[in-house]
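Welcome! Here is a short briefing for anyone meeting this protein for the first time. Have a look at the sequence and the model below, then read on.

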Amino acid sequence: MSFYHKFGKRALDLAIVVLAAPFWLPLMGLVALLVRIKLGSPVLFCQRRPGRGGQIFEIIKFRTMTDARDGQGRLLPDAQRLTAFGRWLREASLDELPELFNVLGGDMSLVGPRPLLIKYLPLYSREQARRHDTLPGITGWAQVKGRNAISWEEKFNFDVWYVDHISLGLDIKILLMTIGKVLGRKDVIEPGTGIHQEFTGSSPKERIHPSADEKLER
């Protein structure tokens, strides 16, 4: 692990987040107010995600969905609960503003592989799982190289490449490229839906934790 990865990366995160607080705190307050008006409470959405080394932490985001349910009391599919306002928040990446508190708390970095769902952990190949060798990020190499318009395999390849090439110059480059991506709303998968395709897993033989049926076949 390089000196920057071990010490400098955290220092850069804190410096940027703290110095930029006069800009992002008022914006976060405005978005929170809009979420409260449009979607009601709670304003924030919290979910457990795997971080560095697979350690679980609670990610904080702005709420983008309603709590609409069917006749049996079950939550409706994401696509039916995501409002036009929620789609706009996602496409503008404003729903991720509260993750800056995750950065301050040390669970995330400004730059790194995106923290995905816990249920994906058993589906990774050993190589893909290396994306957890660093802190997850608000933005990352995969996001600026294609965001959600690339395949899962490409995304994980970019994540692992980033882990192997972490440097100050690369992080600054990614942060600058992210600004252009967000402002241009580029590479948002299925514009107008805000819904991302789920990861269904690598080849069963490559997975770190094969299912019980796969173990029996071996």
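Which residues does Glu99 touch, not counting residues up to four places away in sequence? They are Ile59, Ile60, Lys61, Met108, Arg114 and Ile138. Please keep in mind as you explore that this is a predicted model.

**How confident is the prediction?**
- The average pLDDT of the protein is 88, and 87% of the residues reach a score of at least 70.
- Residues 190-194 have a pLDDT below 50, and this stretch makes ten contacts in the model beyond near neighbours in sequence.
- Residues 212-218 also have a pLDDT below 50, with six contacts beyond near neighbours in sequence.
- Where pLDDT is low, the predicted coordinates should not be read in detail.

**Glu99 in helix H5**
- You will find Glu99 in helix H5.
- Glu99 counts as buried because its relative accessibility is 0%, and buried means under 20%.
- Among the residues that Glu99 touches are Ile59, Ile60 and Lys61; strand E2 covers residues 56-62.

**Ser93, in a loop**
- Ser93 sits in the loop that runs between helix H4 (84-91) and helix H5 (99-104).
- With a relative accessibility of 16%, Ser93 is also classed as buried, because the cut-off for buried is under 20%.
- Leaving aside residues up to four places away in sequence, Ser93 touches Arg147 and Val182.

**The E1–E2 hairpin**
- Strand E1 (residues 44-50) and strand E2 (residues 56-62) run antiparallel and are joined by seven bridges.
- Follow Arg48 across to E2 and you will meet its bridge partner, Glu58.
- Five residues lie between the two strands of this hairpin, and Gly53 in the turn has a positive phi of about 70°.
- In a regular strand the side chains alternate between the two faces of the sheet.

- Leu14, Val18, Leu25, Phe101 and Leu104 make a nonpolar surface patch of about 400 Å².
- Helix H1 (3-19) and H5 are the elements that give two or more residues to this patch.
- One of the patch residues is Leu14, which is placed in helix H1.

**Where to look next**

How values were computed:
Residues numbered from 1 in each chain as written. Predicted model: local features only at pLDDT ≥ 70, side-chain atom pairs only at ≥ 80, totals over all residues. Heavy atoms only, no water. pLDDT = per-residue confidence, 0-100. Contact = heavy atoms within 4.5 Å. Helix = DSSP H or I, 4+ residues; strand = E, 2+ residues; numbered from the N terminus. Buried < 20%, exposed > 50% of the residue type's maximum accessible area, 1.4 Å probe, protein only. Pairing = 2+ DSSP bridges. Patch = residues over 30% accessible without salt bridge, like charges linked within 9 Å, V, L, I, M, F, W, Y side chains within 5 Å. Areas by Shrake-Rupley, 256 points an atom, 1.4 Å probe, with all protein chains shown as cover. Salt bridge = Lys/Arg side-chain N within 4 Å of Asp/Glu carboxyl O.
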